[in-house]
Amino acid sequence: MYKLLLITHFFGLSIGAGTGIYMAALSAYAAKTADRAEAGAVMLGPGGAISRVGSIGLVVLLLSGVGMIAVSGGAAQWGLAFWVKMALVALIIVYVANMKMLAARAREEAEPKAAFIMKKLGPVGPILAVFTISAAVLAFQ
């Protein structure tokens with residue numbers, strides 16, 4: 001059961017990490033687009049759909065992680081890499097929540113200041129993804 005949960009956990013992590021990388025690429029594309037309306041449409045159209053997929057990945061990650069802790073008898077026996085990964089997952093959750101909040105504000109604003117902030121925060125996703133995946137591999141080796 002633990003191995004199945006671990007596979008599911010990495011599946012959720014890969015969806016979440018892939019979403020962060022894709023959103024960073026969309027942010028870079030939108031930043032190069034001269035037309036603000038087109039940039040907003042890119043970030044809020046395909047970006048919004050991909051963001052929902054990333055949220056599903058995070059839910060899978062969290063549920064499988066709780067399952068892994070329950071099946072293994074608790075998280076106390078895991079080392080530093082596990083706790084670093086947990087902190088990074090918490091940062092990913094904060095990042096995703098902020099990006100969703102900014103996206104909602106960007107949809108409502110006539111002059112999307114929130115979309116500008118989203119473009120600036122875009123590169124944070126891949127950085128968090130790389131560090132989280134690295135910590136996960138070290139934690140579950």
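Analyst: Start with His9, which touches Leu61, Ser64, Gly65, Met68, Lys85 and Phe140, leaving aside residues up to four places away in sequence. The model is a predicted one. His9 lies in helix H1, which spans residues 2-32. The relative accessibility of His9 is 3%, so His9 counts as buried, the cut-off being under 20%.

One of the residues that His9 touches, Lys85, also takes part in a contact between two helices, H4 and H6. Helix H4 covers residues 80-108 and helix H6 covers residues 124-139. Their axes lie 8 Å apart, at an angle of about 155 degrees. Angles over 145 degrees count as roughly antiparallel, and H4 and H6 are therefore roughly antiparallel to each other. The crossing of H4 and H6 is left-handed. On the H4 side, the contact includes Phe82, Lys85, Leu88 and Tyr95; on the H6 side, Leu128, Phe131 and Thr132 are among the residues involved. By class, this contact of H4 with H6 has 15 nonpolar, 2 polar and 1 charged residues.

Tyr95 of H4 also meets helix H5, which runs over residues 113-121. The axes of H4 and H5 come within 8 Å and cross at roughly 150 degrees. H4 and H5 are therefore roughly antiparallel to each other, and their crossing is left-handed. Besides Tyr95, H4 brings Met99, Leu102, Ala103, Arg105 and Ala106 to this contact, where they meet Ala114, Ala115, Ile117, Met118 and Leu121 of H5. The contact of H4 with H5 divides into 10 nonpolar residues, no polar ones and 1 charged.

Key
Residues are numbered from 1 along each chain as its sequence is written. This is a predicted model: local features need pLDDT of at least 70, side-chain atom pairs count only at pLDDT 80 or more; totals for chains, interfaces and linings use all residues. Side-chain values use heavy atoms; hydrogens and water are left out. Axes are lines fitted to C-alpha atoms, for helices over the stretch in contact, and angles run from 0 to 180 degrees between N-to-C directions. Helices (H or I, at least four residues) and strands (E, at least two) are DSSP runs, numbered from the N terminus. Angles under 35 degrees count as roughly parallel, over 145 as roughly antiparallel, 65 to 115 as roughly perpendicular and the rest as oblique. A crossing is left-handed if the near helix is turned anticlockwise from the far one by less than a right angle, and right-handed if clockwise. Contact means heavy atoms within 4.5 Å. Ala, Val, Leu, Ile, Met, Phe, Trp, Tyr, Cys and Pro count as nonpolar, Asp, Glu, Lys and Arg as charged, and the others, Gly among them, as polar. Buried means under 20% relative accessible area, exposed over 50%, partly exposed in between (1.4 Å probe, protein chains only).
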